[in-house]
Amino acid sequence: MSWQESTQQKMLHLQLPTDPRWVDVAKMRLEDILVDHAYCEQKAASSCISLIIKFPEFDRMVDVLSPVVAEEWEHFEAVMQQIRKRGYSFGHPRKDEYVMQLQRFVRKGGSRTDQLTEHLLMNALIEARSCERFKILWKNLEDEDLQQFYYRLMVSEAGHYVNFINLAKTYQDPQQVERRWEEWLAFEKEVMEQLTIRGDRMH
Ligand SMILES: [Fe+2]
Ligand SMILES: [Fe+2]
């Protein structure tokens, strides 16, 4: 099995696939989707920077995530190019209900390693869901340029997802990580069930 295939299989561990109605409404609001997406990339970069600042003693994490900051920022620039070339306007960030809900599930306390693991798993989950959404956009958008764009980002975010999971398993007992990952997946399913389907949001 190729790396990509195995990653895609792992992505299917998401417990609830995106409601098929999402892409229909998203297609009609491409400007909003791209603006929201640009902020997602910006937040992904800043989230890696925060991890490096908050947990500098974890050498491997610092070394693995430093180049990811640059990749996420490159994604941000690429989304901005898509916005500019379509004559869309950028604007203020929108409320990110999805991430706000996930943050509620971060377990407080425990050791520094426990704390780091929680954040790594939350990041892994956001990557997995983003990857799933990019895949849907790749498969469903009519614009060929955007299709290719989302294919490229889907592959990149899948790599980030694997990074976060592997990092968690570097620092924490892998079986314990698996158990906690299952809890995160179950929680994310609940969040997805509650969120209203919005064509102006990436999540
Ligand atoms: Fe990204
Ligand atoms: Fe990413």
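Helices here are DSSP runs of H or I with at least four residues, numbered from the N terminus. On that basis the chain reads α-α-α-α-α-α-α-α along its sequence. The model is predicted.

**Overall form**

The protein has 8 helices and 0 strands. Its radius of gyration is 17 Å, close to the 17 Å that the globule rule gives for 203 residues, so the protein is as compact as a globular protein of that length. Along the principal axes, the C-alpha atoms fill a box of roughly 50 × 35 × 30 Å. Of the 203 residues, 30% are buried. Contacts reach across the sequence: among those between residues at least 6 apart, 79% join residues at least 24 apart.

**Two helix pairs**

Two packed helices are described by the angle between their axes and the distance between the axes. Two pairs are set out below.

| Pair | Residues | Axis angle | Axis distance |
|---|---|---|---|
| α4 and α7 | 59-85 and 144-171 | roughly 160° | within 11 Å |
| α6 and α8 | 112-140 and 174-194 | about 50° | 10 Å |

**α4 against α7**

The axes of α4 and α7 cross at roughly 160°. Angles over 145 degrees count as roughly antiparallel, and α4 is therefore roughly antiparallel to α7. The crossing is left-handed. From α4, the contact draws on Arg 60, Met 61, Val 64, Val 68, Glu 71, His 75 and Gln 82. Facing them in α7 are Leu 146, Phe 149, Leu 153, Ser 156, His 160, Asn 163, Leu 167 and Thr 170. By class, the α4 and α7 contact holds 7 nonpolar, 6 polar and 2 charged residues. Arg 60 and Glu 71, both in α4, belong to the charged class.

**α6 against α8**

Helices α6 and α8 pack at about 50°. The two are therefore oblique to each other. Their crossing is right-handed. Helix α6 contributes Thr 117, Leu 121 and Leu 125. Helix α8 meets them with Val 177, Arg 180, Trp 181, Trp 184 and Glu 188. This α6 and α8 contact divides into 5 nonpolar, 1 polar and 2 charged residues. Among the α8 residues, Arg 180 and Glu 188 fall in the charged class.

**In brief**

The model is an arrangement of 8 helices with 0 strands. The α4 and α7 crossing is left-handed, whereas that of α6 and α8 is right-handed. Helix α4 lies roughly antiparallel to α7, while α6 and α8 are oblique.

Technical notes:
Residues numbered from 1 in each chain as written. Chains lettered and ligands numbered in written order. Predicted model: local features only at pLDDT ≥ 70, side-chain atom pairs only at ≥ 80, totals over all residues. Rg over C-alpha atoms; globule rule 2.2 N^0.38 Å. Buried ≥ 20, exposed ≤ 12 C-beta atoms within 10 Å, placed from the backbone. Contact = placed C-beta atoms within 7 Å. Axes fitted to C-alpha atoms, helices over the stretch in contact; angles between N-to-C directions. Parallel < 35°, antiparallel > 145°, perpendicular 65-115°, else oblique. Left-handed = near helix turned anticlockwise from the far one by under 90°.
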